[in-house]
Every structure is written in structure tokens, then in C-alpha cells.
Amino acid sequence: MAEIAQKPNLALAAGPRAAAPNLNDDLAALRIERKPQPRTSRWLGWLLVTTLATVTGFVAWRWVSRERLIEVEAATVSERPAGTQAAILNATGYVTARRRATVSSKITGKLVAVNVEEGKAVREGQILARLDDATLRATLALAEAQVAAARRAVRENEVRLHEAQLTLSRLVRLTADRITAPAELEAAQAQADAFDARVLSAREQVAVAEQQAALAKTNLDDVAIRAPFSGVAISKDAQPGETVSPMSAGGGFTRTGICTIVDMNSLEIEVNVNEAYINRVQPGQSVSAALDAYPDAPIPAQVITIVPTADRQKATVLMRIGFRQRDSRVLPDMGVKVTFLRDERTGDAPIVQPVALVPNTAIRAEGNQSYTFVISSAGTVDRRAIRVGGTDGDRVEVVAGLHAGERVVMSPPPALAAGAHVVIR
């Protein structure tokens, strides 16, 4: 039994050593046999990797070291013809009428006719509307009857006065002959004086009645509403059957105006100019006015006056500008852009050749020398020295160095230099 029990222990002791060769054989069976590669294939792989790395590095270097395009804004050099005045200030305003009236009636009444329409021309004194005149005609008839009655009263008192004067003259003779007493003469004198006073009073009553009749006639004439001046009706504010009054006594049911008339010959421009530029303008100065509706058809005008007060809220000064010639396209309340031209009376010599104009933001100064960047057809910029003259609104006159049609850089960036490539934004 002991022998039998010892055999397993010997087998276990010897087991790992005996099993080791079998495990190695199994691992060796799982190993993948690799064929040895030729040395030429290895060198070709390394050469390909090196070439790709070199090309990639070169491309990256070129990308980093490339010249970057600068985005800029460009403007084309314009030209002002010879003999044309330069603009020194631009402003905007509106067309207004110096003679403009909303026509109403002097008395309160109901409209029975309105003889005006929008856009219709009217002449001074033309009847625009009529009010109901039935009551006023009756009032005038009553006043005329009172005048007639007062005149008859005057005639009656004149007859009585004549009779009293005859009686008085007889009593004067009788008293002189001592036939009648002086008391009778005094009574006759008093009666004659009384009738004389009645005649004077009756005549005053006639004058009063005539004034009342004249007032009634004036009121009757006021039912015909007439145009105060010649012009064009731009609005019709009442219709037949409505009540009109010079005062808005009836609230929303009473009209205060019948129509609005504008004298087209009194049209002018009102412009608010910043007080910082008021020294550039003076009365009589030439102005070019362009209506917003017709921007390509400027109208000659001139400064009428500068209103001697400033608006402290907006820091502006009001100016009145008149048209040199009447233009049928000009209508009230139209928007207009005005350009104040260089004053001809300053004595400046007229420019006899065309002048190049560029925006003032395209010009830079270095000391006493002005320059600008000109864009070539190849997309590069050239720094060019120029000689500037006066101003023309927001543009500057270039006397030398630029030609019409060339393109210049607007507001050049600090990094911009001659020869740089640019792209127009």
C-alpha cells in the first residue's frame, strides 16, 4: 500500500519537467515563419517616406511664408470739368412755400357749395365756396327797412320844424308890434328848437340804420369765400353740408378750414446747417439743388438769408435758399439735397482745366507731402505723391499726380506699403 501511495507523488514531482518539452513544441508550432525581405525594398520605403516629408515641409513653408493679400476699399478718381464751381458744403433740406394759407370763412355757417379740388389752380378773388345765406339776406332786408323808416322820421320832423319856424317868425313880428306877449314868443322859440333837435336825432338814427345795413351786407358778402392770392390748392378739407367756423366751437363736427392754397412762385428751400460750417456760407452764394425725385437734374439756386439764430438742441442754423428759375417739378415738402458752391466773389482765379477729385479719406500726409495709394491692373498698389488743391464737399481737388479713371485705396491700412498685393473688398 505504501508503494502504491508513493507513486502518484513521484509522478507529480516529475510532471512539470516532463511536460516542458511538450509546451515548447506547441509554441514553436504556433510561430509564424517570416521570410526575410530584400535590403532594396527597405531602402525604397525609407526614400518614399523622406520624399513625402520633404514635400510636406516645403508646402507648409510656402504656405506660412506666402505674401498675404490685403483687403481694401477702392474709389475711382472723378473729374470736374473746367470752369465748374467747386462744392464746399453739402446739406439736405425740404422745399417750403413762403405764401401758404388755409382758407376759412369769417363767419360760422353751413357750406352749400365748394368750387375747388386738389391740384386745381386758383386766382386771387376767385370764389372757392359759398355758405347758406338765407338768414343773412333776411337780416339785410330788415336793416334796409330800418334805414327807410329812419329817413321818413327825418322828413316828418323836418316838416314840423319848418312849421315851428314859421310860427316863430310871425310871433316875432307880433311881439315887436306889442300885439302878443313875450311868453308866447318864448314858447314858440322852444318848440322850434325842440323840432330842430328831433331832426338831428332822426338823422343820427338814419346813420345808425345805414351802418347796420352795411354790416348786414358785409356779412352777406362773407358767405362767398374767396382766394386770398393766386396759387394751387393742395388740399380740400370740407364738403357741402358741413358747418365751417373761424373758431372750432363745434368740436369735431365743425370745420375750421375749407382748403389750403400754395403760391408756387414763393417756393424755396429751408436747410439746417451745422453751426461748425456756418462760416462757409453767406447770403447770395450760389447753390446747386437736386430734388430727391430727380437727382440727376440739379437746379440753380442761391442763398437768400441766414436766419440769425441757432438751434441749441441740434446745433444748427436755418438757411433760406431761393431758386434762380421756376421749375414745374418742384413741389412743396419735397426732399432736396443742396450743394453750396465756392463763392465767385472771393476773387479766386477760375480754373481753366479739368480737376481730378478723390475722397478725402484716400489721402495721407507725411510732413508737407501728400500721397495716396493707386491700385494697378495687376492688383498691386503704388504709393504716389500728389499735389492737392481746395475741397469739393467730401472730396479733395488733386492738381497733380492723379488722372480720372484711376483707382485709389480708401482709408489705407497702416500695414499697406508700395508693391503690396491687394484685393478689393
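What share of the 425 residues in the protein chain is buried? Buried residues make up 31%; the term means under 20% relative accessible area, with a 1.4 Å probe and protein chains only.

Before you click, note that this is a predicted model: local features need pLDDT of at least 70, side-chain atom pairs count only at pLDDT 80 or more, and totals for chains, interfaces and linings use all residues. Residues are numbered from 1 along each chain as its sequence is written, and side-chain values use heavy atoms, leaving out hydrogens and water.

**Whole chain.** Show the cartoon. You have 4 helices and 24 strands. These are DSSP runs: helices are H or I with at least four residues, strands E with at least two, numbered from the N terminus.

**Helix α4.** Select residues 182-221. Now color the buried residues of α4, including A188, A192, F195, V199 and A202. Why this spacing? An α-helix has 3.6 residues a turn, so residues three or four places apart point the same way. The buried residues of α4 pack against α3 (134-176) and β8 (224-226).

**E268.** Jump to strand β13, residues 267-274, and pick E268. E268 counts as buried because its relative accessibility is 4%. Show the neighbors: E268 touches Y94, V95 and I304, among others. Touching, or contact, means heavy atoms within 4.5 Å. Last, select R320. Its side chain and that of E268 are joined by a polar contact of 2.8 Å, a pair of N or O atoms within 3.5 Å; within protein, one must be able to donate a hydrogen and the other to accept it, and residues adjacent in sequence count only if both atoms are side-chain atoms.

Key: Buried < 20%, exposed > 50% of the residue type's maximum accessible area, 1.4 Å probe, protein only. Expected span 1.5 Å × (residues − 1).
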